[in-house]
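Q: Could you walk me through the ring contacts in this one, and then a bit of the strand pairing? Here is what I have open.

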Amino acid sequence: MSTTTAPYSLEPLKLGAVARGLNLKDNVSPEVIAQIKQDVTKHHILIFKDQGVISGDRHVEISQWFGELESTFYKHPKSPHPDVFRVSNDKTEGCTGVGRTGWHIDGSFQPAPFAYALYHMVSVPQNGGNTEYVDLHALVKSLGKDQRRRWDQLWMVSDRRSTSPRPLIFSHPITKQKTLCFHLGMTEAFIWDKGTQQERYTNLKETGEILDEIYREIVKNDGELIYSHKWEVGDFIMSDNLSVGHEASPSTQHHRNSIGLRVLHRTTVKGIHSPTKEYDPDTED
């Protein structure tokens with residue numbers, strides 16, 4: 001186990017790291033907050049354990065360490081705060097069906113995708129209910145040269161028509177590593193070679209083939225790039241939304257009579273960088 005200068009220990013996982021020893025309900029100094037933000041950038045997700053139940057107000061305060069909050073989702077009457085998105089496997093307890101439309105980053109349709117997402121598990125089901133994460137930097141690096149070149153020619157068109165097209169591969173605004181702007185369940189089409197004489201939109205069949213290709217790359221080699229997080233009571237996850245794709249596992253929507261009640265709180269931090277293509281794919285990683 002490695003440690004940082006912050007008053008918590010870090011245990012690296014397949015993706016992300018588990019953080020122990022810091023109570024997020026206590027006052028946290030600016031120096032520790034700065035360290036946490038660095039560790040989120042480095043590890044992509046930090047999983048703070050043993051936090052008990054964090055109030056909606058405190059969840060929002062922690063989220064504001066990373067920037068201004070922004071949410072585009074439905075409100076639920078039992079949400080503890082207007083900026084906290086409450087999801088569940090019981091519609092009387094939270095919004096249902098969330099995260100089950102396909103692998104994605106949050107806010108891919110926004111002028112700038114959300115920069116961070118912060119999750120807190122309030123009620124853990126007895127079985128199942130995992131959230132799956134994939135390292136998008138590793139995914140791009142794992143592509144073959146020809147496939148990487150093809151993906152670099154693609155721009156995503158969200159099914160929300162008010163959104164301008166986004167490059168499928170773009171540079172992370174902080175680390176400059178290559179990542180993806182995508183949503184396998186909310187994409188209307190792709191554009192090949194946007195801004196050139198060869199520019200063209202994909203038809204329905206070709207769009208589906210590209211989405212299937214992205215999916216196969218995510219799950220390839222028995223999911224070697226995927227980390228499946230099994231939630232425990234009090235888990236609080238801070239995620240770099242631009243570095244990791246995610247999807248709710250099918251069991252997140254199993255009836256509470258079969259697995260127990262699942263309630264998850266989530267906030268999202270407003271993005272300030274629209275995905276851009278400012279690099280030569282032949283010369284940069």
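This is a predicted model: local features need pLDDT of at least 70, side-chain atom pairs count only at pLDDT 80 or more; totals for chains, interfaces and linings use all residues.

Q: OK, how many aromatic pairs does a search of the whole structure find?

A: The search finds three aromatic pairs. In one of them, tyrosine 8 and phenylalanine 48 have ring centres 5.7 Å apart and planes at 70 degrees, so the pair is edge-to-face.

Q: And are tyrosine 8 and phenylalanine 48 buried or exposed?

A: Both tyrosine 8 and phenylalanine 48 are buried (under 20% relative accessible area, with exposed over 50% and partly exposed in between, using a 1.4 Å probe and protein chains only).

Q: What about the rings of tyrosine 119 and tyrosine 133?

A: Their centres are 6.3 Å apart and their planes at 80 degrees, so tyrosine 119 and tyrosine 133 also make an edge-to-face pair, and both residues are buried.

Q: Switching topic, which residue lies over the face of tryptophan 155?

A: Lysine 194 does, at 5.0 Å from the ring centre; a charge sits over a ring if NZ of Lys or CZ of Arg is within 6 Å of the ring centre and within 35 degrees of the ring normal.

Q: In what sense do strand 2 and strand 3 pair?

A: Strand 2 (residues 9–12) and strand 3 (residues 17–20) pair in the antiparallel sense over four bridges, where pairing requires that DSSP finds at least two bridges between two strands. Helices (H or I, at least four residues) and strands (E, at least two) are DSSP runs, numbered from the N terminus.

Conventions
Residues are numbered from 1 along each chain as its sequence is written. Side-chain values use heavy atoms; hydrogens and water are left out. Rings of Phe, Tyr and Trp (its six-membered ring) pair if their centres lie within 6.5 Å; planes under 30 degrees apart count as stacked, over 60 as edge-to-face and the rest as tilted.
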